[in-house]
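Subject: Structure handover and what was found in it

Dear colleague,

I am handing over the structure we spoke of, and my notes follow directly after it. Please look through the model before you read on.

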Amino acid sequence: MKFPLQKLKQTGDEPFYFEDDVDIRELEQMNNDIRRISPVHVKGQAITRGNDITVTFSIDGEMVLPCARTLVDVTYPFHIDALEVFNLSPYHTEEDDSEVHSVNGEVLDLTPYIKENVQLEIPTRVFSKDDEAHEAAPQEGKGWQVVTEEPEEKKVDPRMAKLQSLLNEEEND
């Protein structure tokens, strides 16, 4: 999603509105949990004031992540509201203020900032609500098994069984 700076400056004090679908499937190859991601819908506005451009936009989409319990695919819909500030001054450096980004060249490219906001939205864990997926999950492996928290029956120690029978006989007498 790229905008020529000349087009942004032509709007004057009026906001420049934009809306488009952006393909960010490169996130699938990065070292993260995203298995698949559909093109995201980006809608927003850019306001130019002097050398500063303030871009507010929303990102809507769906990504497929692994379930933390069963590793099956879980569709995770998301909505992100974002705000990015850019500076056109050639004297501005990123070190001046980490919240204000420099613009190099004559084009403002929002795609890296869209990807960054989506990566920040990835949850640490998601769980599948599908009961069949939970049943299909492995129940044991090498050195581990799933245990339930059902109360155990009281087992009588075989060494104490004879003593118990003696106590029962004394009570009967």
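A word on terms comes before the findings: a residue is called buried when its relative accessible area is under 20%, exposed when that area is over 50%, and partly exposed when it lies in between. Arg25, with a relative accessible area of 45%, is therefore partly exposed. Please also keep in mind that this is a predicted model.

To begin with the overall picture, the protein has four helices and 10 strands, and when it is read along the sequence these follow the pattern β-α-β-β-β-β-β-β-β-α-α-β-β-α. Of the 173 residues, 32% count as buried. The protein exposes about 12,700 Å², of which carbon and sulfur atoms supply 47%.

I then turned to the charged side chains. Side chains of opposite charge can pair when their charged atoms come close. How many salt bridges does a search of the whole structure find? The search finds four, and I describe some of them below.

One of the salt bridges is formed by Asp23 and Arg25, whose closest N and O atoms are 2.9 Å apart. Asp23 has a relative accessibility of 37% and so counts as partly exposed, and Arg25, as said above, is partly exposed at 45%.

Another salt bridge pairs Lys115 with Glu26, and here the closest N and O atoms are 2.1 Å apart. This pair links distant parts of the chain, since Lys115 sits in helix H2 (residues 111–121) while Glu26 sits in the loop between strand S2 (16–22) and strand S3 (36–37), and the two are 89 residues apart. Is Lys115 buried or exposed? Lys115 counts as buried because its relative accessibility is 18%, whereas Glu26, with a relative accessible area of 43%, is partly exposed.

A further salt bridge brings together the side chains of Arg35 and Asp73, at 2.4 Å from N to O. Arg35 lies in the loop between S2 and S3 and Asp73 lies in strand S6 (residues 73–87), so this pair ties together parts that are 38 residues apart in sequence. Salt bridges that share partners also join Arg35, Arg36 and Asp73 into one network. Arg35 is partly exposed, with a relative accessible area of 34%, and Asp73 is partly exposed as well, with a relative accessible area of 38%.

Strand S6 also holds Asn87, which counts as buried because its relative accessibility is 11%. The side chain of Asn87 is joined to that of Asp52 by a polar contact of 2.8 Å.

Met160 is placed in helix H4 (residues 158–172), and at 46% relative accessibility Met160 counts as partly exposed.

Terms used: Residues numbered from 1 in each chain as written. Predicted model: local features only at pLDDT ≥ 70, side-chain atom pairs only at ≥ 80, totals over all residues. Heavy atoms only, no water. Buried < 20%, exposed > 50% of the residue type's maximum accessible area, 1.4 Å probe, protein only. Areas by Shrake-Rupley, 256 points an atom, 1.4 Å probe, with all protein chains shown as cover. Polar contact = N/O pair within 3.5 Å; in protein donor to acceptor, adjacent residues only side chain to side chain.
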